[in-house]
Structures are given as C-alpha cells and as structure tokens.
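Open the structure in your viewer and keep the selection panel at hand. The tour goes from whole chains to a single residue.

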Amino acid sequence: MDDLSALVRELYGDPPADPFARGRVEARLQARTRRRVPWKAGVAGLAAAMALGAAIVVPNLGTHATRDTFSGNPILLTAATMAEAAPTGSYWHVKRLYTMRWDKLYGSGGNTYRLETSNLAEQWVSTDGRVWSGHKRLAARPLDEAAWRRDGAPTEWKAGDGVHSTTPGEGRLTEVAGGGSFRFGGEDLTPAQLAELPTDPAALTERARRVIRADGVEEGSVSDVVPTTLATLLYELPAAPEVRAAAYRALATLPRVTVEEGAEDPTGRPGVSVSFPLQHDQPTRGRLIVDPGTSMVLAYEVTGAPGKGDRTEVVLASGWTDAEPAPPTTG
Amino acid sequence: MTAARIERPPDESLDDFPGVFDAHFDELFRYVSHRLGPAQAEDVVAETFLVAFRKQARYDPARAAVRTWLYGIATNLVSKHRRAEVRGLRARQRHGAGGNVPGPEERVADRVSAQSLRPALAAAIASLGRGERDVLLLMALAGLSHQEIAAALGISYGTVGSRLSRARAKLRAALGDANPMEADHG
C-alpha cells in the first residue's frame, strides 16, 4: 500500500467495536429472511447475539480466596455483592426485547408513517449443555397513528421477504442442535474456558483486554472496548456468579465509567445508569441500566450517535433459573 | 486474499446465506462504519445482505467473488447517504483525529506529522466526486485491487485507474505544502 492510502487509513482510524452490532444485524436479517433461509438457530436474535452451541456451565463455586476489600464505585460494588448472591439454577436464561424503527415510509399520499416492530428473543442454556432459543414477533405499531388511520388502518405491510403485522406471531421454542462456543471479545470460549474466567477483577480486566486484542483492536483502542466487553459477562454470557461479580468490580474501578442514580429503562423500570464512551473523542456512548439491588441488567442502549436515534436492547430477564424452557410469551 | 480468519473456498456460493453473513459481516461492517459511522452502518450492512439475498439469482461468480460483490452493494448503498458521510468527514476535519488510532511507540513521529494533515485530508475526501471517493476508499479502507473495484462497481478497469488518479491528485493538492509526503509509513 502506498503512502496516501496509509494516510487515509490513519485518518479513518478504527471504528468503535460494538459487540452487539453483529447480533442486531443478524436478528434483522433473520426476521426478514426466516421463511427462506436456514439460519443456524432458526430464531431471530439469539444465535447472533451469543453464538452459542452446546454448553456446560458449572458455576465455579468455592474457588475464591479470602477477598480483600474492593475499591471503586459503591453502587457497582453493591451490584457485585448481589451478583455473587444471585440465585443459581439449572438453566441460564436471557429474555430480550428488540425494538426497531424502520426508515421506510408506509402509506400513500399525505398519509405516510413509519413503523416500529419488536421481537421477543429468549435463550436457555442447561447445566448439562443443551441450548434452546425462543422467539416471538410482537405487533408492529405505526408511529403516526392518525396518518395510519387516514391511510385506511392497514394491519399488514410488506417488508422485504416477510411482512410486518399488527397481529403478534406465535411464540416458538427450538432446541439448538450441534456444538458451539461462547463469543467473548474476539475469542470463542469453550464452556470450560468460560467457567475458568478469573474471579479477580484486575485479572478479569486483563483477560478482557486479551480477548479484545484477539478481535484485532489496535492497542490504543483496547481500553475503549473494555466496558462493553465486561458488560457481555453481566447479562449475555452464562457466567458464574463470581465472574459476574468480578465484572461489576472491574467496571467500578474504570475511570471512564460514569454511574448515575435515578435512571429508568425504556419499560419504566428504575435502575442506575452505567455509561461509558464507546470511542474516545466521540459523543457515542454505551449505557447499561442496572438494578443494583439484584445485579440484573435491565437494558443496554447506545446513545448520542450523530444523526441517529438511540438504540435500545431491553433485557426482560437474565439469570440462572429452574424454570423449564418454554416458548416466549408477553407475560 | 491473505489468510483471513474465515477462509472461503473460491467457488463460494450464496446457497449458504448464513455462512456468507458469518464470513463477511465483520469486514463490511468495518468498511461501512468507517464511511458512515457505526449506527448508520447497522442499517446499511443489513440492507447490503438483504439486497444480496434478493438479487442472488443475478450474482455471477465468474465476474466477482462474493466478497467483491458485497462491497459493491454496500458502496452503492453508502452513496445514498452522501450527506451523512460528508458530515462525518467535516467532524473529522474539526476534531483532527478520526478517532482512536494511537499505535506502537515507534510510529509516534510519523503519527504527529500525519495528525497535522488530517483536517486537510478530511476536507479533500469530502469534496471528492462520489465515484472518486468510492474508488479511493475501496482501495484504501477495504484493500480491494483495481480489478476487484472494477467488478464491485461495474465499471471498467480503466475507469478505476482514472478515478483513482484524479482522487490522488486532488488529495495531494489539498495536502500541498502541509506535507512533503516523504514519510512512507505504509
């Protein structure tokens, strides 16, 4: 490559790494091609977000040594303590709500409007290594109801190879066949490796930096990606309670992480806001809404992207449970 | 192609659509994020794969590799967001740095001289014609060869060359006396 190309590349730098981007894009593709494409999990959102296969997760109990006093943000340290004490169970379970607002204008004449669509996506991982995915399409909603009524209040809209509909789809549950691994930064971890993640916050941060480098991130940008990478341990990956606690303790010490009380998730649940820049010098921020009393993540948002609305992933449930896998319901 | 993380056989087809997505998402997302920013990139990359999926019957493996074809689709979609791209370049112009690029110590000196060129370079790229910018960035950011760029954009090999020389000339003129350009750190 010549000098000019090198200068151009340097001007553009590295785009911020967003570990959820791939999952969101894949979920959208799945939603619009599902009837014709054999996606691995066959279910929107999940394969994507977690790249999961068979997994055996044995919470790594009793291995932590006597602990020093931890330093850092007290709210996150509280969440860490609650994470350690969080219930255990036979399944790791995550239930998420994805909401998308489409740019396309529907309707005709002066009566045009945009649509908001949403999907429920669930995942279970059993301690004996089986994985299930659940999916349910929720009712599409015109964002300008008056324009929609003037347009004759249609209940279905053609969208790519599928339709948006005001009638919710049926909840479906599929067992995910075959093996797989857990994506942590740039590494696919085996269940055994996942179970062996450090329970010491400094060591966990170091490990996070390692997997970020494995993703091809330049050394100078690694720190920018540490918060989002640690966040995947808080609610995406079936991490042991001690590892989730260590992730909170690690976040509590990071200088660029801001914790603010009095926040709310998009469904109105109260929590604290844990936010961080996704790339230094840029206004785009990642923001977790956390319930420090239970250590559960309620939502993850990307805010402040120039010229773009905020993006939100609502976590309706995450944690270890004894409830059996079942098709998603809105309940 | 050099050893990528996921090697695709040369006769890659679109039959395994999820496989195509797996193999090419990261690279395309990076390219579009560079040009339009990560938020817009999600829309554009999703649309890229949907277009590929809908038009798969028209894909001709004899003309272009799947990767090249996808870059072509993505580039055409990016061009519908010209204003966003120019806005991003203006921002780079104002802030100087395009983001987080600090690298190995030994390159600091190069970097300092390169840093001072950023505003001029960003302005010059923003003022390129669309065709010129597409060719330049497919080469510099995506690392496509002349041949691949021609196949991706459906233009002749000669047109790639002439657009590229025009783009280079404009960039060099814009950098002008700000940079002697002798530091070859490519």
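The stops below say what to select and what is there. This is a predicted model, in which local features need pLDDT of at least 70 and side-chain atom pairs count only at pLDDT 80 or more, while totals for chains, interfaces and linings use all residues. Residues are numbered from 1 along each chain as its sequence is written, chains are lettered from A and ligands numbered from 1 in the order in which they are written, and side-chain values use heavy atoms, without hydrogens and water.

Select chain A. Its secondary structure has nine helices and 16 strands (DSSP runs: helices are H or I with at least four residues, strands are E with at least two, numbered from the N terminus). Of its 331 residues, 56% are buried (under 20% relative accessible area, with a 1.4 Å probe and protein chains only; exposed is over 50%, and partly exposed lies in between).

Next, select chain B. Here there are eight helices and zero strands. Of the 186 residues in chain B, 51% are buried.

Now go to helix α4 of chain B, residues 82–95, and pick B:R87 in it. Is B:R87 buried, exposed or partly exposed? B:R87 counts as partly exposed because its relative accessibility is 47%.
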